[in-house]
Amino acid sequence: MAAGNGTQQRTISALVQDKPGVLARISGLFRRRGFNIASLAVGRSESPGLSRMTFVVEGPEEVVKHVAAQLDRLIDVVEVRDITESNIVWRELALIKVNAPAKTRGEVLELTNVYRANVIDIGVESLTMEISGGRQKIDSLIELLRKFGLLEVIRTGRVATLRGTLVEGEDDGLFQSDASSPTYILPVTSGESGSV
Amino acid sequence: MSKHLSGSQIVCEALLKEGVDVVFGIPGGAILPLYGVLSQYPDLRHILTRHEQGAAHSADGYSRSTGKVGVAFATSGPGATNLVTGLATAMMDSVPMVAITGQVGRAAIGTDAFQEADITGASMPLTKHNYLVMRADDLGATVHEAFHIARTGRPGPVLIDIPKDVFTEMGNYDPDAPLDLPGYQIPCKAEESQVEAAAKLINESEKPVILAGHGVVLSRAFDELRELAEKAQIPVVTTLLGISSFPEDHVLSTGFPGMHGMAYSSLAVDQADLIINFGSRFDDRIVGDAKRFSRSSKKIHVDIDPAEINKTIAVDAPVVGNIKDIFGQLLPKVKQKTHLEWLQHIEHLKAEHPSLRIPESDRLMGQHVVKALSDVTKGEAIITTGVGQHQMWAAQHYQFKNANSWLSSGGAGTMGYEVPSAIGAQVGNPDKLIWSICGDGGFQMTLMELATAVENNLPVKYAIMNNNHLGMITQWQDFFYEGDFQAETYTANPDFVKLAEAYGMKGIRVTKQDELESAIAEANAHDGPVIVDFVIEKVDDLYPMIPAGQSVEELIEEPN
């Protein structure tokens, strides 16, 4: 889980009351306790009146390991779990708008297919695709698209849940393990259940 | 059964249902509709303070001294922001309080209206929880939730902000509606495995020390603490806020440790093989350098707040739950012991490091004053203090006999706490003797509340340690800033005896040691508030001292 220089990333899943000001309470807590939010995803949960938040926080190891306990002190936080060391499956979604004039469009579309991204909008000079998966998969696609001219990259941040089986996904933890690596490794596809 | 009432009425009915009989506050435009119905609720006694900070600290002093939730009212804008120091003080020391503030009308919120301030935003990090209530229908449930949150678990202040037109709106109030607080759990008993692990460490230890913090006071576990200490013959060190959780004339009482604590107390903590921490958060004033804090000991940390475990000090056995319940679980598992050798060693430490230095001087010193107060009141008064040298002299030299008789701003370190907190304590304890030990600096931060004491016939005794200096500042500038004294001297203090008289109080001045006892007795005998102006030596350093961030290795016991 180490990200180098004594800093650490942790994945926290929290069920919170869907009320005004909840995000301000949480972000205020993070600020004053010295936690840095690497990514944050919020949305309505399966229970009415409750939202699910998935955070990836980073900071010194001694500090970030207290994130869940501190969050649990907030009255509006109903349930919180630090799932960093748990057997989790997680995904991130990105929308990527890239230059795609007729000359290079074929090549861009081929990458789209390899990465199982979907083209959701197409114009004369550009196209927009959506891709979901682990961070490494998205990072490597972005890296490959860079030479065509990236116009816009929008990422959701990570959402995560505990696995329903005891079978561990080997590369689901890539978000963390590659965090300190300056180079991206082209992922190997491994069938439908893979985590590319 | 649901009632149809105005928002103001709902607030008052809900307060009464929570058992509130006194409120400290000061009105203003946005909260006037609430004041407008107070005459319908004569059982809600309102104490008019002169400043909102005074209302907050009075509610705090009332709460600490009675165990009930203190309540403060303030209006919007500056009224609400003036409460903030009081909220922060209560938050740092886990004091249960509910503050109700008026807000501008709903339509004006967010428009920078006259006397508008975002008090829920401002107080977010300084309260346990806060609310902005936008419908009269929600008021009743919110008040009940606020009290529940304030007084349960790790207690703390809760603020309810109410727009002016929500006070006047009609709404439904169901006093019996269940609370809707999913995920809010109140720890009571600890897991049995944690208790077992702690009991094992206690039974194996040869040199144990109990570190009793504010948690013991807040959970009113005085008898249980004493029972455990006596059963296993464990010396009891109290933190600054743990003072008066254990009788100081008890043979096992080992003082308070840390920056200005007793040297023998700090040394006992350092030399122990086991620290049993009941409800202290290993504050930096006790720990100093965390890496060098009591290196050879194992640590048990009993706390109601799981977020405190391993926050500053890594512990061997965490026990999470309500301290009073945990004592009940722990007591039968702890074996009777004598720890004779260790207790003899502590006696030796006490003899070798007396720590309660009273300088040999013909002049009047702060320590003389506290010693005399302790003797004349037989250690039975409730003491409130401000922050600084006088606070430490009070902590060191007053020998507390009664449980929960020490009210001081430990975490926030709020100067000015002494004047209004004493008012709150006296309101909550009309038959008890309250002495407020003040510095001349802090006293002048909140002295306007003297009028509140006079107006309500509250016989608080104010002891001003008057040295025309910010004493602690003077000492730090001397020790750590090469004697470069800046802004440490007060050259224009008022004549505090005349000030007392101007407020219609009794004023007494004491300048000599041999006047002390008679002046204190005279103040005690007076049926009304008194200021005693103790004109003490201008500059006197406070010992023992462990400089900030250091350890017992840097302990300074006496002046060079």
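**Entry 1: the contact of chain B and chain A**

I looked up which residues touch in this predicted model. The contact draws on 17 residues of chain B and 13 residues of chain A, where contact means heavy atoms within 4.5 Å.

I then looked up the buried area, that is, the accessible area (1.4 Å probe) that two parts lose on being put together, summed over both. For chain B and chain A the value is about 1,400 Å², with 56% of it on carbon and sulfur atoms. I noted that the size of an interface is often given in this way, as the accessible area lost when the parts come together.

**Entry 2: salt bridges and polar contacts across the chains**

I searched for salt bridges, each being a side-chain nitrogen of Lys or Arg within 4 Å of a carboxyl oxygen of Asp or Glu. The rule finds 1 salt bridge across the interface of chain B and chain A. Its partners are Asp305(B) and Arg73(A), with 3.0 Å from N to O.

I also looked up the classes of the residues of chain B that touch chain A: 9 are nonpolar, 4 polar and 4 charged. Here Ala, Val, Leu, Ile, Met, Phe, Trp, Tyr, Cys and Pro count as nonpolar, Asp, Glu, Lys and Arg as charged, and the others, Gly among them, as polar.

**Entry 3: the two domains of chain A**

I turned to chain A, whose domain assignment gives domain 1 (7-82) and domain 2 (90-163); such bounds come from an automatic or database assignment. The centres of these domains of chain A, taken over C-alpha atoms, are 28 Å apart. I found 7 residues of domain 1 in contact with 6 residues of domain 2.

Domain 1 and domain 2 of chain A bury about 540 Å² between them, 51% of it on carbon and sulfur atoms.

On the side of domain 1 that touches domain 2, the elements giving two or more residues are β2 (36-44) and β3 (50-60) of chain A; strands are DSSP runs (E, at least two residues), numbered from the N terminus. β2(A) gives the most, with 3 residues.

**Entry 4: conventions**

I kept the numbering of residues from 1 along each chain as its sequence is written, with chains lettered from A and ligands numbered from 1 in the order in which they are written. Local features need pLDDT of at least 70, side-chain atom pairs count only at pLDDT 80 or more, and totals for chains, interfaces and linings use all residues, while side-chain values use heavy atoms, with hydrogens and water left out.

Methods
Helix = DSSP H or I, 4+ residues; strand = E, 2+ residues; numbered from the N terminus.
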